[in-house]
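I opened this entry to look up ring contacts and a few side-chain surroundings. My notes follow the structure.

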Amino acid sequence: MEEITFFKNFINGEYVEPIDRKYISNYDPSVGKIYSNVPDSNEKDINEAVKAAKEAFPLWSSKSAQERSDMLYKIANEIERRLEEFAKLESRDQGKTITTAKTIEIPRSIYNFRFFAGAILHHQNESTVGPLSNVLNYTLRSPVGVCGLISPWNLPLYLLTWKIAPAIATGNTCVCKPSEMTPATAHLLGEVFNTVGLPRGVVNIVFGNGPNAGSPLVRHSDVPLISFTGGTKTGEIIQQQASPLNKKLSLELGGKNPGIIFDDCKFEECVETSVRSSFSNQGEICLCTSRLYVQEGIFDRFVEQFVEKTKKIVVGNPRSEKSGMGALISEDHLKKIEYYVQLAKDEGGTILCGGKRPELSAIFGGNENEELKNGYFYEPTVIVGLNPSTSRVLKEEIFGPVITITSFSTEQQAIQYANDVEYGLASSLWSQNVDRCHRVASKIECGICWVNCWLVRDLRTPFGGVKRSGIGREGGDHSIDFFTEQKNICIKIGN
């Protein structure tokens, strides 16, 4: 019987047990069994981590941009050296395929550090002369202090490092609260920090659930900034808790992302990319497409080829290179997916493929995957025939391998369908008509719109959502703005 791993908090450069010695069971999604225990930390642990970060702040914030940049490059290089190790941990912990972990998530985590290592060396502050000729204004930037960074379970290392890298690059220290469901790579990250010589207390990692660990971090009077990625309901709680202290907030929340496909699209490329945008990482990416609107002239042909390609996706052992989709994060999340698929049937929708748990032995043969029989697997599911005006399935976030496809006739109707939800994170648009692309992209209510592509990320650009998909923007200069305070200096010069 495999020995169960006990993870620890990483505070002031050391791995320490939670003060109250309480733990949360953590499951391997592919087999549905406990494989580790995660600290069930509370306010006492958060206080220790904040204390360490606060004490580390004067030294770290006094480092030059070049010194901090050098350290970020060292961190990136060490993660890269241990890429295979990180990828295996991420795949087991989250349920994603080893291919996704090795080719997307861990490489992007490395790039997060490298990008901000370079960004802080080339960032320019503002200066102006005037409106009076004898007055000079210039801007100073200073780090905010101790940052509270709360990251989700779907892209654990990818999104945690997206927060850590700009926070420490700009001279802040931080207390991180990763998801208690995916602790493995965050835990290993502490080893990386110690290996490269990051000063103690600059980054602290405390595990636990939202009420016990997340809330004390958000409410802590010595933490002036919170960056959170996760569910909209949790984001609302964070706003309520942080607002009395006027904390800086960046909230990247839920989404119900539309894809609009016009009849003049590059058809084969559009179908291929749309399948990928629907089911990558089991559909557990905040930027995944969850609603496709296809112009009626190509609707039947598009649906036929989309379903054909979807049926070729192999669902199976995340650790196998054969698998195109792994396991969902938890049994509860699997039940949520099943609930919405049943709701789609109740609303009059037709399931064209998927809609059930897969027979893994039929895919891989024999008893090779007997251990996976209790895993949280679900087939990629395609649904048509839902009413765009009334269907809850078309309006509520599912966050899994479920895509709806609906026809539209006019450009205006497509825009209306796309915007008829309370979310506004991302969208995609397919057409070869340049005027139409500009026109429609400007009218879709979202933070990012991909035209004739998906998930092409330039880290210099603003990232965030509108409506109930969040507050604030991060990325490039926007992250530097968020993680620093600006002070204007006005000096009279000459006589």
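Predicted model: local features only at pLDDT ≥ 70, side-chain atom pairs only at ≥ 80, totals over all residues.

**Charges over rings**

I then looked up Arg-436. Its charged end sits over the ring of Phe-262, at 4.1 Å from the centre.

**Aromatic pairs**

I asked how many aromatic pairs the structure holds. The count is 15. An edge-to-face label would need an angle over 60 degrees.

Are the two partners buried or exposed? Phe-10 has a relative accessible area of 2%, so I noted Phe-10 as buried. Tyr-15 comes out at 25% relative accessibility and therefore counts as partly exposed; buried would require under 20%.

I also noted one aromatic cluster, formed by Tyr-111, Phe-115, Phe-116 and Trp-162.

**Val-16**

I found Val-16 in strand S3, which covers residues 14-16. The relative accessible area of Val-16 is 27%, so I put Val-16 down as partly exposed.

Which residues does Val-16 touch, leaving out those up to four places away in sequence? I listed Lys-8, Asn-9 and Ile-11.

Last, I checked Val-16 against Asp-45. The two are 29 residues apart in sequence, and their C-alpha atoms are 9.6 Å apart in space.

Technical notes. Residues numbered from 1 in each chain as written. Heavy atoms only, no water. Phe/Tyr/Trp six-rings, centres within 6.5 Å; stacked < 30°, edge-to-face > 60°. Buried < 20%, exposed > 50% of the residue type's maximum accessible area, 1.4 Å probe, protein only. Lys NZ or Arg CZ within 6 Å of the ring centre and 35° of its normal. Helix = DSSP H or I, 4+ residues; strand = E, 2+ residues; numbered from the N terminus. Contact = heavy atoms within 4.5 Å.
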